[in-house]
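Q: Please take a close look at one helix-to-helix contact in this model. After that, go through the other local details that are worth checking by eye.

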Amino acid sequence: MSKPSAGGRDVFYADLHLHSRHSMATARDITPITLRNAALAKGIDLIGTGDMTHPGWLQELGEALVLKDSGFYSLKGEAEGPLFAPTGEVSCVYRQKDATRKVHLVFIAPDLEAAGRFSRALAARGNVSSDGRPILGMSARDVTEIALTADPRMLVVPAHVWTPWFSLFGSKSGFDRLEDCFLDLSGHVRSLETGLSSDPEMNRLVSALDGYFLISSSDAHSPDKIGREATVFNCPKTRDALWRALEEGVGLHGTVEFFPEEGKYHLDGHAACGVVLSPRETRDLKGICPVCGKSVTVGVLSRVIELADREIAPPDKLLPDWHILPLAEILGQVLERGPTSRAVREGLRHLLKRFKSEYYLLLDAPPEEIERQGSRLLRVAVERMRAGEVELSGGYDGVFGTVKVLSKWDIKEHSGHGVLFEAVREAVRRRGPLSIPVPGSMVEGPREAADGAETPAGAENGDAAGSSSFSSFSSFSSLEPSLGDSSGLSPSIPPGASASAGFPGDGAPGEVADLAGGKTSSPPRLKELNPSQRAAVLSRARSLCVVAGPGSGKTRVLVARALEYLFRGLPPEALLLTTFTRKAAQTIKQRLLAENPEAGAARVSTVHALAHRVLLEEGAPGRRLAPEDFTSELAKKLIKGRDIGPQAFLRLLSRAKNLLLPVESAFPELGSVMAAYQAALEEAGFLDFDDLVAAALPLAARAGGRFQAVLADECQDLSPLERRFISLVSREADLTVIGDPDQRIYGFRGALPDFQAAFKEDRADLETLKLNVNYRSTILLHKAAEKLRGAKADDERFPAAAEEGRRVVKAALATPAAEAYYVVKRIKDYLGTLFLGGGGGTDLDESRKLPGLGDIAIIYRLRIQGEEILKTLVEDGLPCQISGEDGIDAQDGLDLKAEKISLLTMHAAKGLEFRLVFVTGLEDGIIPAPPRGWDPFPEGADERLSEERRLFYVAVTRARETLYLTRAKKRRLYGRFLSGEPSPFWNLIPEKLTVEARPGAQQRLRNNTLF
């Protein structure tokens, strides 16, 4: 179908969504000039700049372009030629309504000044310099608000709205309604981009989209992909007319489309198994791959049908559209060569010299002209394409579909005849064996294969099959072994435990039978607890010890037991809950209030905060908590000339106080210094952190008389001082203590090996219950963790997960920089920022949705290790946050609800959980960490090693779904080189539960490097 006339008004083609070389996986040669040349060759009249939020690209645009009277830009010094409009794409990765959302938005700015304001506003909230399409942990609604604040004229267009992984309506991370995404700003969205795998007719099956205007763009990552889709306008070629067309539909004439079947997400399927499914087949299989049993990737057609309320698109809702096949693909079929072969490039060169543009040849040129300037076979191919007489094979799960315009009979009848074939033969003969690129293409193409059938993989939202984009690069993701092999391991679930996954992260399985057939009217969610959890909640024991492994629902049980006390009539002010960190206390308080608004009077506190409150309420002499810089400077002054640093001295002093030892005699060599330190504190009117609890001990029993029930969390890490304080506070009350000996990681502060035995000294009636079902991790991760704790048969813990999951990945890298790059590269693969999931070459298990930024943690032993990784994350534009120094409140400063990747020390990771976890720096000399200065473990090296192993166990058990262990073969730390040997914990997990990654040579791939 030819481009129609428009009664004297201009009809023009626009491609408003593309990328610069500053975006990941894009061509290195993208400049304003190459974009102009590519648009001219294609027949595009108005082209988006792409990546207008990138400061470097924005500066380059400002230097190369000049504003015209039309409101658009052109190259400086050029009177004619394609015009530019400032455009850019933003990737929003965030959580909304308990689901990870990944939505891509295209913004069109009225001018470069508005684009600059938008860029600077985003830079205040994230990194816009590392990727032309910045990744922001912000909602689509909030990014839209920032854009409109930068300039109210800014247009927002949801990009490729049906793509499964990153779009408004995508099956993996999108919404069912536009209003649920943009909320109160929904009225500012007037146009939608259909994407390569859908066309307007498909979109008009959904009546909810009737009020929106449909546009098409290329989303090109290289100049040769510009214009593979475009929007046709029938209006003056001015900014005001374009705005009216996109906001009101006036002057919007139609679209140039891919055959949607060619798009790589049109149908459903599972690329790893070669399974392609129609929507009906997917429904019949309940979305499960018949080969491997995992979930298939639900494609665009299925998703449209799911939301559709029409069987046929109303004709009055449809604008004209023209389905085309890129000329390179048509020539590939005509010449029986790969679309990126030299023969095809020479054919393109020949035709573009004789036709004013590719669009003219494909849409407007008379058939006889095509035959005269090309060949009879080319004419047949173009006529078939224009008539829609093509053979289609739908794309699926990242694999492009195919469109055939020629039959074997056509080729046999007409191949080799015509000036096109003669020109190509002469060009190949004349130029010899070298590969010559087409001007404006992204890079020099590969050498032609023996059979001429090069079909390299594509990129992003669809650099089409046959693109040279990925032809010379093999992501080292593909070198990693498959993680699906479960080695024949099967789940082991104890009698009475539910196999349901329950509430993620809460340890709450599905409904179970009432305990012992009894009934209860208690309000806590007892039916959501398993038998052992319910037994702990309902126990009438005055003294109760609950041993709770990772993911066993410890916090849920703690909160439910507190609520049970309130249900029985206990006044809220008579209830006390203690825990280890301020953040944990906040979490418990929030959960209590969510279940019972009257629980606000209950006291939820850390031990030290409680001790401080006791001192205030009981009228103790007023001494203030010493500032950290005061204690540090005092320690530095007192230990001057001694073989110990100030921090090591303060750690030893803390240990002495927590073990209830006289500071003068705890460490004889330092006794006089410790005594001098205490005297200086007292003279200044200060208490240090541990003195708070010691000073409150004499008052604890009297203060505790107001409490009738005390519940103490994380008791495995209580020191004798803290345990004594809890015992005194709870002397007249019911006492429940909860903890896990295998997660004791504060032995250096004096935490006792057996907290149960320690409390039993004060509570002879102490009863013990165990929570031994893990609702956090997959079966394979649970089994790996059990090997680390060296569990005996009578102390086994059980996974409740229904799926085996993936094995633990181990990767040995050359240097810390290579390790950091490996981690960041894997994160970007999982987020899909390079490949958009599915067929992109990652080992992602598509039975689950992609992780969000807040689902990812990078854990290490020493905080200094995080610096290289933090630097790499920031350079690559990934939102992240890093924990504070080691310590009881190391999580302070972290916003665990933020859409950011968390960097954590192993101590700071305690109590948290994430879907994707990297435990890094597993090297001898880091974990176990050798003592620096004086050893805080007088018991000897064995106890120190045991604690380090427990610390590693804590790090590993933070993972819910996927775990990576990494190390560097060479590292310089604190001014010396380590041995390069792996940590003694490196091989503790059996081989059948792990898989060795083979990263190979790792060259840092910058944003302007082609993948």
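A: A crossing of two helices is called right-handed if the near helix is turned clockwise from the far one by less than a right angle, and left-handed if it is turned anticlockwise. By that rule, helix 10 passes helix 14 in a right-handed crossing. The model is a predicted one. Two packed helices are described by the angle between their axes and the distance between the axes. For helix 10 (residues 327–335) and helix 14 (residues 376–387), the angle is about 135 degrees and the axes are 10 Å apart. Angles over 145 degrees count as roughly antiparallel and those from 65 to 115 as roughly perpendicular. Helix 10 and helix 14 are therefore oblique to each other.

Helix 10 makes this contact through Ile330, Leu331 and Val334, and helix 14 makes it through Leu377, Leu378, Ala381 and Met385. By type, the residues of this contact are 7 nonpolar, with no polar and no charged residue. An α-helix has 3.6 residues a turn, so residues three or four places apart point the same way.

Helix 21 (residues 628–638) and helix 22 (residues 646–658) cross at roughly 105 degrees, and their axes come within 9 Å. That angle makes helix 21 roughly perpendicular to helix 22. The residues in contact are Thr631, Ser632, Ala635 and Lys636 from helix 21, with Pro646, Gln647, Phe649 and Leu650 from helix 22. This contact divides into 4 nonpolar residues, 3 polar and 1 charged.

The chain that holds these helices has 31 helices and 37 strands. It is 1011 residues long, and 61% of them count as buried. Among contacts with a separation of 6 or more, 75% join residues 24 or more positions apart.

Of the 11 residues of helix 4 (residues 140–150), 8 are buried, so the helix is largely enclosed by the rest of the structure. The buried ones are Ala140, Arg141, Val143, Thr144, Ile146, Ala147, Leu148 and Ala150. They pack against both strands and helices: strand 6 (87–96), strand 7 (99–108), strand 8 (135–136) and strand 9 (155–158), together with helix 3 (112–123) and helix 5 (178–182).

Next come the aromatic rings. The structure holds 13 aromatic pairs. One of these pairs is formed by Trp162 and Phe169, with ring centres 5.0 Å apart and 35 degrees between the planes, which is classed as tilted. Trp162 and Phe169 are both buried. Elsewhere, ring pairs link Tyr822, Tyr830, Phe918 and Tyr964 into a cluster.

Some points of backbone geometry remain. Asp219 has phi near 50 degrees, a positive value in a residue other than glycine. Asp219 sits in the loop between strand 11 (213–215) and strand 12 (230–234). At 0% relative accessibility, Asp219 counts as buried. Asp397 also has a positive phi, near 45 degrees, and is likewise a residue other than glycine. The loop that holds Asp397 runs between strand 17 (391–393) and strand 18 (402–404). Asp397 counts as buried because its relative accessibility is 1%. The peptide bond from Ile927 to Pro928 is cis, with omega near 5 degrees. Pro928 is in the loop between strand 33 (914–919) and helix 31 (941–956).

Two strand residues complete the tour. His253 belongs to strand 13 (residues 252–257). Its relative accessibility is 18%, so His253 counts as buried, the cut-off being under 20%. His253 and Thr231 are 22 residues apart in sequence, with 7.9 Å between their C-alpha atoms. Phe977 lies in strand 36 (residues 976–977). The C-alpha atoms of Phe977 and Gly925 are separated by 9.7 Å, and the two residues are 52 apart along the chain. With neighbours within four places in sequence left aside, Phe977 is in contact with Lys970, Arg971 and Arg972.

Notes: Residues are numbered from 1 along each chain as its sequence is written. This is a predicted model: local features need pLDDT of at least 70, side-chain atom pairs count only at pLDDT 80 or more; totals for chains, interfaces and linings use all residues. Side-chain values use heavy atoms; hydrogens and water are left out. Axes are lines fitted to C-alpha atoms, for helices over the stretch in contact, and angles run from 0 to 180 degrees between N-to-C directions. Helices (H or I, at least four residues) and strands (E, at least two) are DSSP runs, numbered from the N terminus. Angles under 35 degrees count as roughly parallel, over 145 as roughly antiparallel, 65 to 115 as roughly perpendicular and the rest as oblique. Contact means heavy atoms within 4.5 Å. Ala, Val, Leu, Ile, Met, Phe, Trp, Tyr, Cys and Pro count as nonpolar, Asp, Glu, Lys and Arg as charged, and the others, Gly among them, as polar. Rings of Phe, Tyr and Trp (its six-membered ring) pair if their centres lie within 6.5 Å; planes under 30 degrees apart count as stacked, over 60 as edge-to-face and the rest as tilted. Buried means under 20% relative accessible area, exposed over 50%, partly exposed in between (1.4 Å probe, protein chains only).
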